[in-house]
Amino acid sequence: MTRYAIVADLNRCVGCQTCTSACKHQNATAPGIQWRKVLDFEVGEFPEVSRAFVPVGCMHCDEPPCLEVCPSTATRKRADGIVTIDYDICIGCAYCAIACPYQARFRVDAPANAYGGERMRHERLRDDPARLGVAQKCTFCVERIDAGMAAGLVPGIDPEATPACVNSCIAGALTFGDIEDADSNVSTLLRENRHFRMHEDLGTGPGIYYLYDGEIGQTAPIEPAPMVAEPAGMAAVLPRLQHSWDWRAVGNFIFGGAGSGLLIAAALYGLIAPPMWSAVFLGLALVGAGLGCVWLEIGRPWRFLNVFRHPAQSWMSREAGIALAYFALGGLAWLTGALALLLLAAPFAFAFVYAQARILRAARGIPLWRQKQIVPLIVVTGLTEGAGLFAVVALIDQALAGVDIGLLHHGWLAGGLFALVVLRFALWQVYRRALGHGGAPKAALAELDETPLALAGLGQAIILVLVSAAFLTPASLGVAGALALLTGWRFKFALVTRAAFNQGYEIARMPARGAGVSGPGIRPGWVAE
Amino acid sequence: MQQNADTPSDGRWSYCYQCVAGPDLLKVKTRNGVPYQVGPNDEAAEIHPAGGKVCVKAFGLIQKTHNPNRILTPMMRTNPKKGRDQDPGFRPVSWDEALDAIAARLKQARADGLTDESGFPRVAASFGGGGTPTAYMGTFPAFLAAWGPVDMSFGSGQGVKCYHSEHLYGELWHRAFTVSPDTPLCELVISFGANVEASGGVCGIRRHADARARGIRRIQVEPHLSVTGACSAKWVPIRPKTDAAFLFAMLHHLLYSAPRERLDLPFLKEMTSSPYLIAPNGFYLRDPDSGKPLVWDLKTATARPFDSPDLDPALEGEFVASGREDGADEQRWSHENIPTRPAFSHLIAHVEPYSPVWAAEICDVPAEDIRDTAEAFLDHAHVGETIEIEGRRLPFRPVAISLGKTVNNGWGGYECVWARTLMACLIGGLEVPGGTLGTTVRLNRPADNRWSSVTPGPDGFMFYPMNPTEKETWHKRSTTRHAHQTLVPLAANSPWSQALGPTHLAWMMQKKGFDHLPKPTPPDVWFVYRTNPAISFWDTGAVLDAMSNFPFTVCFAYTMDETNHTADILLPECTDLEGLQLIRIGGSKYVEQFWEYQGFALRDPASPPQGEARDFSWISTELARRTGLLEKYNAAINKGAAGVRLFGEGYDFSLPPEQPHPPEEIWDAICRAASAELTGGAQSQGLDYYRKHGFRVKKFPRLQWYLYPALKDQGLRFELPYQERLMRIGQQLGARLHEAGITWWDRQLKEYEPMPHWQDLPGLWAQALEDAFEVRIDDYPFWVLTARSMQYSWGGNAGIQMIDEVARNIAGHAGVVMNPKAAARLGLREGDLVEIASPSGKTRGAVSLRQGIRPDTLLMLGQFDHWKTPYAKELQRPSMNALMPMLLALTDATGSGADLVRASVTPIGAAP
């Protein structure tokens, strides 16, 4: 077996960005897009300060989070460890970009010119429409490797068969080779030097190894990156807000969650009273609207059918498949008025909102999302929003139809909503505690905690009071329902956009420079546990 | 003989010489005649010190070629008024119209006399960094040679942006235009602000990376944690411009705290002036008959000439001796039985006040750190050890001290370069394996080989081509506007000397002349190529004002910029990937280009010229033809003005002088001569050969990296520690200047000390600013420094988008670097906009917070502040050049200043 990897010697790297530039030339990446780049870290406080340069890019992980989440199977992993993207299949959902903890993936939707205006000659020459609207990233210069091997060359040894970044490195800091070959250049380096990999604790098995000290032996333990507060001038390495998913993605989570919850509420209500078909219709419409939002977000919308290609691993594919059953059964139920069909649709509604929760959970690049406690929280939030919305719909329906749905039904509804709000609050507490102080970037936690009208505190208490008051005045149930809905939406809006900071970068150990000694690393923007 | 494998099927061979650390070799991939990718020349991996690599700057060349902001047709100014606020009103013209207009001006200048009423050349030219433009200007040097006197004294960075004191004193002491550690063998480098990881080029980067990998120890002494500091084992954040105190304190430790036997006493006795006896007036005590300096021979207990056989000269002690003493001009003294001490004894007394404890307060560095540094220097010196290089056994001293910009230029430069070179002598580490080496010569001749430049001079030292200071020969009227022959003996008078004079004086005198120098005049015609002094020099506002008064400026222009804003004619020449040229490669050269090969490399056009751009050699030929200088021009090419002499023993590829020759014909002849030169006339392959192979080299002996053998073989010594010759020259210069009524150079004359004393350098800056601008220096609490950036240095690429994009990955490129605590005191956060004001100027930029900088220091990388250059002007980046006044008080005796000023910081807006 072959497993290609890059070894970056941090003792050698000078941060010159020659590799960055060589990559841009080799791969004709758009202005601002850097498949390979070198980060600039600083650790300590004046005058005890050290600085190091860290080349990053796609890590071609052993367990690539991008591959797992990809709904279209565009992302694949070759037998030699190289993670590839099939531009002709990719739908441009950018889920992989979010799932990647190394910020290695990009999506460019329109041709970009370095100087604006007309494209320069070399830009025109290298136009590649296939790369527009789809995911792109470092390929380890797979075409150089394949062409080189076809010509009998050895990747990592012969320049023409070696990634451009490695071949361009002026400090001899980058080495490419097969780590499965014990005698290879990279294996030798790893055997003879202390090394770490970035975000090792995330279990991705990244394929870039960083040498930080010499000739100690690879079994020597390395310290995890300590977390420090208030790093100065580290914007380039701090966790950043993800910009791949915006309000359109939020639309899927808020409409999809509320719509699914609404249909479930309607189905359950059907067990004790005549089904409220307007709620069913609304539930279907909301989920449809949510999926419509996603359709607007993806880079290649007319390839949307490719979303179904990866149900084996991708929760996005599964969500899409579940949505088909959901619409089929829910739609038929609405058309035929058959309660049985509605009851059959309800589990798919539940599955849909569960799939949404798992979509977030699978995004390992976003610390707030990848917590396992997010799954019950997102599910119950969806159910609570659905119940709240159902209460609103029911009251409106009652008002429009002049039909009294009765105290008993109020009781079921109010009780259900009360229980869900309490449960949601409890799950929020569990989730937030799980994040603790160090489970997410400081800025993400601050945003989450400061989000008004979210799941914590007074807002939820007011909802419970209003629900309790429903026995005196039914209208308060509607207000409570609306609040339950809106606070859930507000939370998810914050979760998916404003608090969705990525992992950021880290350096586990500052390298020894020459005769110097290595030192503690840094995970900028994270607070100590 | 080594050669490349073959012409690349998908591209062309070329070279990158955008920075002084080049040239390096590269390959340009093309498709359909469009260059689209730059990469290393892997075929040169075996012969190039950095394995055939090129740095990030070379990767900007694709955009540089296709940049839509390029000037692609000749342009002529329509608005006679010049200045920043004036629209030049450039209109496109044909090449004929542009060249005829230039030729008319040149012919008029020629008719008026090659020099004007002040004796200055009517034609002036300014070229960019470190001579690199010659690698792109084709045969233009032949045109200049054919023309006659050309004034190159209008600086565009020289002095203030270079390693000026190192250039001059380095060439004097060890043929070292620049200085480098023998990195491949070195164990310890103490680097005072030398930024090799940013400006050392691919060869420097690779050598130091390899050295780090084998465990070299480098201590970086610098007020901020530069890229080089980052790559060092230790960072010592010294107070700005106090490096001389640190170095003096190291000397103190070596001479007062270490046992003598830890020094290389044989080296000091045999290879330096340490044993020379000093007479009462400070000059050498000399043999009355031969005039040779005397030493005290311990064997015979007598004073004997330094080169007497079988000597054991004393280094220390007081001895009674007789002899003569030769002072300045005709001063002579005769001494009988006077007490006298060797120079080394004087040195010991000289450094006595400069203890580490004394330096600690000045430098803001603990005395213990200074002692440890000096002790490490001794520990790694390996005194007494030898190593064999190419069959010759040489001393092995794997320790060196590097000096960076602002340390080795301006006031204090002499002190630092002297102390550094002297310390190398103390352990026998000058010009030996592992130690402190020169790279190349630019003032001494011949320039192609340091060994050849070693010829005997006075008193057992090497010859040095000083500008004369004797009454009969002193140049009262210099042939250049900056008066380098008049004021700076060390600047010599080689083709490079003009660039190494006090180049800011040429600009200063355009505003107000200096008393008793010829009346300042603007040049009739000023040529500008690959330089933008309105951005890259100090006091850029004053420079712009001066050039706005030049009557006729011709800029070989890439894009519009701040300098060619004042031009009368813009000429679009083929840029790096479009022009044809053959240059020399290999040998030893700055910054750390130590090759084991030497030869030639071709710049084969990878792209047809864009628009109306023309090959520089075509432009040069046309200028020569239209000004009636064709025969002289061709003759100059034949004599080697384009880099290779076209005839030699057994070959002659001279061009017929009476007719114009197209560039390909010229370069074919040059290629043939190059082949012949490399093969001793045996082969004569031309352009096609180089197009196919890219380069051609032969071996360069590694032994020639070291100057020690050349001196040893000729029985010569390094002129250290005592500067008797400089003291004499300084006194003579002072006498000449005073005879001419010139007293404004008196402060500079004080530098001519036999051994430099510490002067309060930070205080000198503060005082100069207070005096010149009547300010309180405390109102300007920060020191402002700059540093080179590999992405930008010398590249002329501030308008290249890709360079900007990748440079942003390295902290500090986006604004002014500031310590977080200092920023907090001003209520500043990352990205906040500030105005930085010195007593003489202002600049603006965003705050970039880093812990790796002293709280009393600000750092502005590179040179920005563009207001005309497309793209660059949108960057809104600060530049310290606008803050730096050109002051005589801040000009040292070599004519250089230093990038250093005091400034205040005022918040003007929150981060966007």
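Author: In this predicted model, the domain assignment divides chain A into domain 1, which covers 4-238 + 505-522, and domain 2, which covers 247-498. The C-alpha centres of domain 1 of chain A and domain 2 of chain A are 39 Å apart. Their contact draws 24 residues from domain 1 of chain A and 21 residues from domain 2 of chain A. On the domain 1 side, the elements that contribute two or more residues are α2 (65-69) and α3 (95-99) of chain A. By class, that side of domain 1 of chain A comprises 17 nonpolar, 4 polar and 3 charged residues.

Chain A also touches chain B, and this contact takes 52 residues from chain A and 63 residues from chain B. Elements giving two or more residues to the chain B side include β4 (34-40), α1 (61-66), β10 (217-221) and β33 (842-849) of chain B. The element that gives the most is α6(B), with 8 residues. The chain B side contains 34 nonpolar, 16 polar and 13 charged residues.

As for chain B itself, its secondary structure amounts to 27 helices and 35 strands. Chain B is as compact as a globular protein of its length, because its radius of gyration of 27 Å is close to the 29 Å that the globule rule gives for 912 residues. The C-alpha trace of chain B spans about 80 × 75 × 60 Å along its principal axes. Of the 912 residues in chain B, 66% are buried. Among contacts in chain B with a separation of 6 or more, 73% join residues 24 or more positions apart.

Technical notes:
Residues numbered from 1 in each chain as written. Chains lettered and ligands numbered in written order. Predicted model: local features only at pLDDT ≥ 70, side-chain atom pairs only at ≥ 80, totals over all residues. Helix = DSSP H or I, 4+ residues; strand = E, 2+ residues; numbered from the N terminus. Rg over C-alpha atoms; globule rule 2.2 N^0.38 Å. Buried ≥ 20, exposed ≤ 12 C-beta atoms within 10 Å, placed from the backbone. Contact = placed C-beta atoms within 7 Å. Nonpolar A, V, L, I, M, F, W, Y, C, P; charged D, E, K, R; others polar. Domains from an automatic or database assignment.
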